Protein chains: 2
Amino acid sequence: MATHIRAFLIDMDGVLYEGERAIPGAAEALDWLRREGLPYLFVTNTSSRPRSMLVEKLAGLGIAAEPGQILTPPVAAAGWLAAHVEGPIALFVAEGTVSDFAELPLADPQGEAPVGAVVIGDLGEGWSFARLNRAFRCLMRSNESRLVALGMTRYWKAEDGLRLDTGPFVAALEQATGRSAVVLGKPAAPFFETALSVLGVGADETCMIGDDLRGDIGGAQGAGMRALLVRTGKFQPSDLGQPIRPTAVIDSFADLPTWFAASR
Amino acid sequence: MATHIRAFLIDMDGVLYEGERAIPGAAEALDWLRREGLPYLFVTNTSSRPRSMLVEKLAGLGIAAEPGQILTPPVAAAGWLAAHVEGPIALFVAEGTVSDFAELPLADPQGEAPVGAVVIGDLGEGWSFARLNRAFRCLMRSNESRLVALGMTRYWKAEDGLRLDTGPFVAALEQATGRSAVVLGKPAAPFFETALSVLGVGADETCMIGDDLRGDIGGAQGAGMRALLVRTGKFQPSDLGQPIRPTAVIDSFADLPTWFAASR
């Protein structure tokens, strides 16, 4: 018999909210988790905003959270870089998350000196040919430079339609340089393992809840967890019947308590 | 004993010229090919300029050529699309090569109707987040839309340094959509096969000459040809000792007659 689930990792965008609109019932489902004493951590591939802004956003939607309850790729990446990379870091990340790398020596993106690593985040409209080419040239200064990705999410659902996320730009640099990125975001296992260690729980007793079949469901299952797919956010009916199969599908995060009770 | 070489495919940028400078002795080596009656075809991944402009550029460097002696990815792609794809085509190619697709129905890149194919060329500075996202959204309108690449070249050597070429942007769209591109440029075999059929020669009697280890040497060898690497253009000493091994390395295209004589 499978181990009982007793902890949750919860994606934010598309699960708790869509754009600026809270998913109806999401706040109540989180209240239920707290009442039940089930540990949870918000895990997001959002690499464009610091945790304090995410806390504010949640508060505006009626959801209480603290920065320490949110694991973002920049926070995970800064730790990885401190442990694994010597030499200055060239950041191609959203302005709001630069402070997450404050402890690390930064490189001059337009200089000539070798860089220890090039970090790629979600720049959105901030990407231009010139900027992507600058990241490429930083990597080509030395064969030793590491390419570090704040996630490989392919796209997200903005209010005006689908928008490219971090993954495609990392893929562009991988193709251009022939190097593989170290990924510190979903679906990469090191990111999920960091989340489990923050909660102090094991993969087999933890369930991920997300709207991204590859990033959330495939990633969590790859790290040994179970995973629930919600029919909100970027969910599309074609997500069903794919090689990646969620443990279960629920209409929205609001249905978590009902599903949890039925699964015991 | 290996079949004697009796035909050549010749890369242009980096082999015949670097930037606006002719490789010394290149024109004389071509004169030698003509005198010997050895058939040759210029094969280039340049997808930003029509063949007439390439002919003009060569003329300015003292090299006589006609459009029919040059195979470009847009010309190869237009033929492939006419044979394989129904529905309108969304072009993300340099302005100068749009005319190569004049026989095909074109899609509205900002519309909603499904497109038969999205064609990606070298837009250089023309790439922005908005433009790449537009190509992505065109592809996402239908699961049937084909992603067609005018080459997968990773980068080229401009006068101010290395610059991203078509490949990284195709890789970005492949990652974003989960689809594989149909590639009509070096190193893809269909492109080399088209070149051989234009010359009416077999792969085993033909030799490719190029400066790009992966695009020229690996691609030609993959299509069954021999391949000479020149130490000009984007050549770097680290190209030697890689898994892809050229048939031989010559200092520049000017050394072709000497190498050819020694190889008999």
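The copies meet through the same surface, because 100% of the interface residues of chain A are also interface residues in chain B (contact means heavy atoms within 4.5 Å). This is a predicted model, where local features need pLDDT of at least 70, side-chain atom pairs count only at pLDDT 80 or more, and totals for chains, interfaces and linings use all residues. Residues are numbered from 1 along each chain as its sequence is written, chains are lettered from A and ligands numbered from 1 in the order in which they are written, and side-chain values use heavy atoms, with hydrogens and water left out.

**How the copies relate**

- Chain A superposes on chain B by a rotation of 180° with 0.1 Å of shift along its axis, at RMSD 0.0 Å (least squares on the C-alpha atoms of residues with pLDDT of at least 70 in both).
- The two copies are thus related as by a two-fold rotation axis.

**The sheet in chain B**

- Four strands form an open sheet in the order β6-β7-β8-β11 (chain B), with parallel pairing; helices (H or I, at least four residues) and strands (E, at least two) are DSSP runs numbered from the N terminus, and two strands pair if DSSP finds at least two bridges between them.
- β6 (89-92) and β11 (182-183) of chain B stand at the edges with a single partner strand each, so one side of each is left without a neighbour in the sheet.
- β6(B) runs parallel to β7 (residues 117-120) of chain B, joined by four bridges, and B:A90 stands opposite B:V118 in β7(B).
- Helix α3 (residues 73-84) of chain B lies across β6, β7, β8 (146-149) and β11 of chain B, at about 160° to β8(B); angles run from 0 to 180 degrees between N-to-C directions, with axes fitted to C-alpha atoms, for helices over the stretch in contact.
- Helix α5 (residues 167-177) of chain B also packs on the sheet, touching β7 and β8 of chain B, and its direction makes about 165° with that of β8(B).

**The cavity**

- The structure holds one cavity of 30 Å³ or more; a cavity is a set of points on a 1 Å grid over the protein atoms alone where a 1.4 Å probe fits but cannot get out, and lining residues have an atom within 4 Å of a point.
- About 50 Å³ of space lies in the largest cavity, the volume being the space filled by probe spheres set on the points, which are joined across faces, edges and corners.
- Its lining includes A:W127, A:F169, B:W127 and B:F169.

Notes
On a 1 Å grid over the protein atoms alone, a cavity is a set of points where a 1.4 Å probe fits but cannot get out, and a pocket is an open set with protein on both sides within 12 Å along at least five of seven lines; lining residues have an atom within 4 Å of a point.
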